[in-house]
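The entries below follow the order in which I looked things up.

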Amino acid sequence: MTSIISKVLVIFAMVGMGYTVRRCRLVRGELQKPLAALLLSVNIPCMLLYSITQRELDSELLNITLQMIGLSCVFFAVAAVAARLLSKALDFDTLLRSGAVQAIFVTSNAGFMGFPVVQMLFGEDTFYCMVLFNI
């Protein structure tokens with residue numbers, strides 16, 4: 001339990017550091033978007049791929065991998081249809097709001113806090129499945 005708390009505290013410390021850097025104007029407004037794009041588009045995917053490629057792909061892991069990819073495709077297909085129905089049922093006045101509701105309903109944000117917590121609580125196998133699901 002202590003290791004989970006320490007992982008979560010590290011994440012909060014990173015958030016606090018980002019807030020402090022922004023408040024102290026160490027990162028100017030024009031750098032904010034490129035840094036965020038670098039983090040989200042390059043760093044995080046590279047870290048996830050690195051963690052996945054550290055495992056040896058035997059027949060059992062290949063079977064789990066294919067099952068997770070298949071189940072996640074089914075989940076996101078069903079979620080997309082449900083999101084479309086939900087946005088129609090809520091009868092939004094603009095296409096932008098309808099699209100925003102659909103995007104929020106379908107996408108997940110498990111990576112920020114979820115990845116370290118799942119890794120600590122359930123181990124590397126569950127973490128591997130969670131990463132596959134999010135990819």
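**Entry 1: a starting residue**

I located Thr-65 in helix 3; helices (H or I, at least four residues) and strands (E, at least two) are DSSP runs, numbered from the N terminus. The model is predicted, so local features need pLDDT of at least 70 and side-chain atom pairs count only at pLDDT 80 or more, while totals for chains, interfaces and linings use all residues. Residues are numbered from 1 along each chain as its sequence is written, and side-chain values use heavy atoms, with hydrogens and water left out.

I then looked up the exposure of Thr-65 and found a relative accessible area of 10%, which means that Thr-65 is buried (under 20%; exposed is over 50%, partly exposed in between, with a 1.4 Å probe and protein chains only). Setting aside neighbours within four places in sequence, I noted contacts of Thr-65 with Leu-57, Tyr-128 and Leu-132, where contact means heavy atoms within 4.5 Å.

**Entry 2: helix 3 and helix 6**

I read a crossing of roughly 40° for helix 3 and helix 6, whose axes come within 9 Å. Axes are lines fitted to C-alpha atoms, for helices over the stretch in contact, and angles run from 0 to 180 degrees between N-to-C directions. Helix 3 is therefore oblique to helix 6 (under 35 degrees is roughly parallel, over 145 roughly antiparallel, 65 to 115 roughly perpendicular, and the rest oblique). I listed the residues in contact: Leu-61, Ile-64, Thr-65, Met-68, Ser-72, Phe-75 and Phe-76 of helix 3, with Tyr-128, Cys-129, Leu-132 and Phe-133 of helix 6.

**Entry 3: helix 2 and helix 6**

I next took helix 2 (residues 29-53) and helix 6 (residues 124-134), which pack at about 135° with axes 10 Å apart. Helix 2 is thus also oblique to helix 6. Leu-48, Ser-51 and Ile-52 of helix 2 meet Phe-127, Tyr-128, Val-131 and Leu-132 of helix 6 in this contact.

**Entry 4: the core**

Which elements do the buried residues of helix 6 pack against? I found helix 2, helix 3 and helix 5. The largest nonpolar core has 12 residues, among them Leu-48, Ile-52, Met-68 and Phe-115; such a core is a set of buried Ala, Val, Leu, Ile, Met, Phe, Trp, Tyr and Cys residues joined through side-chain atoms within 4.5 Å. Helix 6 gives the largest share of this core, 6 residues.
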